[in-house]
Amino acid sequence: MNLEIALRMCEAALKQAAREGAGVSVAVVDSGGHLVAFQRMEGAEIAGPVLAPGKAYTAVANRITTAELAALAAPGGELFGLAGDRFICFGGGIPLWADYGEGERVVGGVGVSGGSVAQDVAIAEAAAEVWRRG
(Lines give C-alpha, C1' and ligand atoms only; values in the text may rest on other atoms or scores of the structure.)
Protein backbone atom coordinates (compact mmCIF):
# COMPACT_ATOMS: atom_id res chain seq x y z
CA MET A 1 0.00 0.00 0.00
CA ASN A 2 1.31 3.43 -0.88
CA LEU A 3 -0.04 6.96 -0.96
CA GLU A 4 -0.48 7.08 -4.75
CA ILE A 5 -2.80 4.07 -4.95
CA ALA A 6 -4.55 5.04 -1.70
CA LEU A 7 -5.42 8.44 -3.18
CA ARG A 8 -6.70 6.79 -6.38
CA MET A 9 -8.86 4.53 -4.23
CA CYS A 10 -10.27 7.54 -2.39
CA GLU A 11 -11.02 9.23 -5.71
CA ALA A 12 -12.88 6.14 -6.99
CA ALA A 13 -14.86 5.98 -3.75
CA LEU A 14 -15.89 9.63 -3.96
CA LYS A 15 -17.00 9.19 -7.58
CA GLN A 16 -19.12 6.17 -6.63
CA ALA A 17 -20.53 8.08 -3.65
CA ALA A 18 -21.63 10.87 -5.99
CA ARG A 19 -23.37 8.28 -8.21
CA GLU A 20 -25.02 6.79 -5.11
CA GLY A 21 -26.09 10.23 -3.84
CA ALA A 22 -24.24 9.68 -0.57
CA GLY A 23 -21.94 12.04 1.34
CA VAL A 24 -19.19 9.89 2.81
CA SER A 25 -15.81 9.69 4.45
CA VAL A 26 -13.32 7.20 3.04
CA ALA A 27 -10.15 5.86 4.65
CA VAL A 28 -7.37 3.64 3.33
CA VAL A 29 -5.03 1.91 5.79
CA ASP A 30 -1.90 -0.20 5.42
CA SER A 31 -1.30 -3.76 6.66
CA GLY A 32 -0.86 -2.52 10.23
CA GLY A 33 -4.13 -0.60 10.15
CA HIS A 34 -2.33 2.76 9.98
CA LEU A 35 -3.99 5.54 8.00
CA VAL A 36 -2.50 6.16 4.54
CA ALA A 37 -5.21 8.38 3.02
CA PHE A 38 -8.50 9.91 4.13
CA GLN A 39 -11.07 12.10 2.42
CA ARG A 40 -14.39 13.49 3.62
CA MET A 41 -17.02 14.88 1.29
CA GLU A 42 -18.52 18.25 2.11
CA GLY A 43 -21.63 17.70 4.20
CA ALA A 44 -20.71 14.14 5.18
CA GLU A 45 -21.84 12.97 8.60
CA ILE A 46 -19.68 13.90 11.57
CA ALA A 47 -19.07 10.28 12.63
CA GLY A 48 -17.35 9.41 9.34
CA PRO A 49 -13.84 10.49 10.38
CA VAL A 50 -14.02 7.91 13.19
CA LEU A 51 -16.08 5.17 11.51
CA ALA A 52 -14.36 5.02 8.09
CA PRO A 53 -10.83 4.42 9.48
CA GLY A 54 -12.37 2.09 12.07
CA LYS A 55 -14.00 -0.02 9.37
CA ALA A 56 -10.73 -0.17 7.40
CA TYR A 57 -8.79 -1.15 10.55
CA THR A 58 -11.38 -3.80 11.47
CA ALA A 59 -11.23 -5.34 7.99
CA VAL A 60 -7.43 -5.57 8.18
CA ALA A 61 -7.29 -6.87 11.75
CA ASN A 62 -9.88 -9.58 11.13
CA ARG A 63 -9.09 -10.28 7.44
CA ILE A 64 -12.80 -10.20 6.57
CA THR A 65 -15.22 -7.58 5.30
CA THR A 66 -17.05 -5.73 8.02
CA ALA A 67 -20.35 -6.72 6.35
CA GLU A 68 -19.45 -10.41 6.85
CA LEU A 69 -18.20 -9.68 10.35
CA ALA A 70 -21.54 -8.09 11.33
CA ALA A 71 -23.32 -11.46 11.44
CA LEU A 72 -20.47 -13.08 13.36
CA ALA A 73 -20.44 -10.28 15.95
CA ALA A 74 -24.23 -10.23 16.46
CA PRO A 75 -25.84 -11.82 19.53
CA GLY A 76 -25.46 -15.58 19.21
CA GLY A 77 -22.66 -15.17 16.66
CA GLU A 78 -19.28 -16.83 16.95
CA LEU A 79 -17.60 -13.45 17.64
CA PHE A 80 -20.34 -11.85 19.76
CA GLY A 81 -18.82 -9.11 21.89
CA LEU A 82 -16.14 -8.17 19.35
CA ALA A 83 -17.73 -4.82 18.41
CA GLY A 84 -16.49 -1.83 20.34
CA ASP A 85 -13.20 -0.10 21.01
CA ARG A 86 -11.57 -0.07 17.53
CA PHE A 87 -13.74 -2.73 15.89
CA ILE A 88 -16.62 -1.49 13.73
CA CYS A 89 -18.88 -4.41 12.84
CA PHE A 90 -21.20 -3.23 10.08
CA GLY A 91 -20.72 -2.97 6.33
CA GLY A 92 -18.29 -0.62 4.61
CA GLY A 93 -14.86 -2.09 5.43
CA ILE A 94 -12.96 -4.32 3.01
CA PRO A 95 -9.54 -5.96 3.44
CA LEU A 96 -7.14 -5.68 0.49
CA TRP A 97 -5.22 -8.81 -0.47
CA ALA A 98 -1.95 -9.47 -2.32
CA ASP A 99 -0.17 -12.57 -3.60
CA TYR A 100 -3.31 -14.62 -4.20
CA GLY A 101 -2.77 -18.32 -3.61
CA GLU A 102 0.25 -19.42 -1.59
CA GLY A 103 1.56 -16.50 0.45
CA GLU A 104 -1.74 -14.61 0.24
CA ARG A 105 -1.82 -11.79 2.79
CA VAL A 106 -3.74 -8.67 3.76
CA VAL A 107 -1.81 -5.54 2.76
CA GLY A 108 -4.36 -2.89 3.70
CA GLY A 109 -8.00 -2.02 3.90
CA VAL A 110 -10.58 0.53 2.87
CA GLY A 111 -13.42 1.86 5.00
CA VAL A 112 -16.39 4.01 4.03
CA SER A 113 -19.00 5.67 6.24
CA GLY A 114 -21.81 8.12 5.65
CA GLY A 115 -24.34 6.39 3.43
CA SER A 116 -26.63 3.47 4.11
CA VAL A 117 -24.82 0.22 4.82
CA ALA A 118 -25.52 -0.91 1.23
CA GLN A 119 -24.12 2.38 -0.13
CA ASP A 120 -21.04 2.18 2.09
CA VAL A 121 -20.38 -1.38 0.86
CA ALA A 122 -20.81 -0.42 -2.82
CA ILE A 123 -18.57 2.62 -2.42
CA ALA A 124 -15.88 0.61 -0.61
CA GLU A 125 -16.07 -2.01 -3.39
CA ALA A 126 -15.41 0.72 -5.98
CA ALA A 127 -12.26 1.70 -4.06
CA ALA A 128 -11.16 -1.93 -3.59
CA GLU A 129 -11.52 -2.50 -7.34
CA VAL A 130 -8.77 0.10 -7.92
CA TRP A 131 -6.49 -2.03 -5.70
CA ARG A 132 -7.42 -5.24 -7.51
CA ARG A 133 -6.67 -3.72 -10.93
CA GLY A 134 -3.34 -2.38 -9.62
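This is a predicted model: local features need pLDDT of at least 70, side-chain atom pairs count only at pLDDT 80 or more; totals for chains, interfaces and linings use all residues.
Two strands count as paired when DSSP finds at least two bridges between them.

Let's start with the strands. Which order do they take in the sheet? There are 4 of them, lined up as β2-β1-β4-β3 in an open sheet with antiparallel pairing. The edge positions go to β2 and β3, each of which has a single partner strand, so one side of each has no neighbour in the sheet. From one strand to the next, the twist averages 15 degrees. As a general point, strands of a sheet pair through backbone hydrogen bonds, in either a parallel or an antiparallel way.

Now for the details around β1. With β2, β1 forms 5 bridges in the antiparallel sense. Is β1 enclosed or left open? Of its 6 residues, 5 are buried, so the strand is largely enclosed by the rest of the structure.

## Helix α2, wrapped up

Helix α2 covers residues 48-62. Its 15 residues reach 20 Å from the first C-alpha to the last, close to the 21 Å expected at 1.5 Å a residue. How many of those residues are buried? The count is 11 of the 15, so α2 is largely enclosed by the rest of the structure. Among the buried ones are Gly 48, Leu 51, Pro 53, Lys 55, Tyr 57 and Val 60. The cover over the buried residues of α2 includes β1 (25-30), β2 (35-40), β3 (93-98) and β4 (105-113), along with α3 (66-73) and α4.

## Just past α2

What follows α2 is Arg 63, with a positive phi. The value is near 55 degrees, and the residue is not a glycine; in general, most residues other than glycine have a negative phi. Arg 63 belongs to the loop between α2 and α3. With a relative accessible area of 56%, Arg 63 counts as exposed, because the cut-off for exposed is over 50%.

Thr 65 is in the loop between α2 and α3 too. Buried or exposed? Thr 65 is at 18% relative accessibility and therefore counts as buried, since the limit is under 20%. Leaving out its neighbours within four places in sequence, Thr 65 is in contact with Gly 93, Ile 94 and Pro 95. Its side chain also makes a polar contact of 2.8 Å with the side chain of Glu 68. Thr 65 and Val 110 are 45 residues apart in sequence, yet their C-alpha atoms are 9.6 Å apart in space.

## α4 and Asp 120

Helix α4 lies across β3 and β4, and it runs at about 15 degrees to β3. Asp 120 is part of this helix, which spans residues 117-133. Asp 120 is buried, with a relative accessible area of 2%.

## The nonpolar core

The largest nonpolar core has 24 residues, and the ones with the most contacts inside it are Met 9, Val 110, Ile 123 and Trp 131. The elements that give it two or more residues are α1 (3-20), β1, β3, β4 and α4. Which element gives the most? That's α1, with 7 residues.

Trp 131 is worth a click in the viewer. Setting aside residues up to four places away in sequence, Trp 131 touches Met 1, Ile 5, Met 9, Leu 96, Trp 97, Ala 98 and Val 107. In soluble globular proteins, nonpolar side chains do tend to be buried together.

Terms used
Residues are numbered from 1 along each chain as its sequence is written. Side-chain values use heavy atoms; hydrogens and water are left out. Buried means under 20% relative accessible area, exposed over 50%, partly exposed in between (1.4 Å probe, protein chains only). The expected span of a helix is 1.5 Å times one less than its number of residues. Contact means heavy atoms within 4.5 Å. Axes are lines fitted to C-alpha atoms, for helices over the stretch in contact, and angles run from 0 to 180 degrees between N-to-C directions. A nonpolar core is a set of buried Ala, Val, Leu, Ile, Met, Phe, Trp, Tyr and Cys residues joined through side-chain atoms within 4.5 Å. A polar contact is a pair of N or O atoms within 3.5 Å; within protein, one must be able to donate a hydrogen and the other to accept it, and residues adjacent in sequence count only if both atoms are side-chain atoms.
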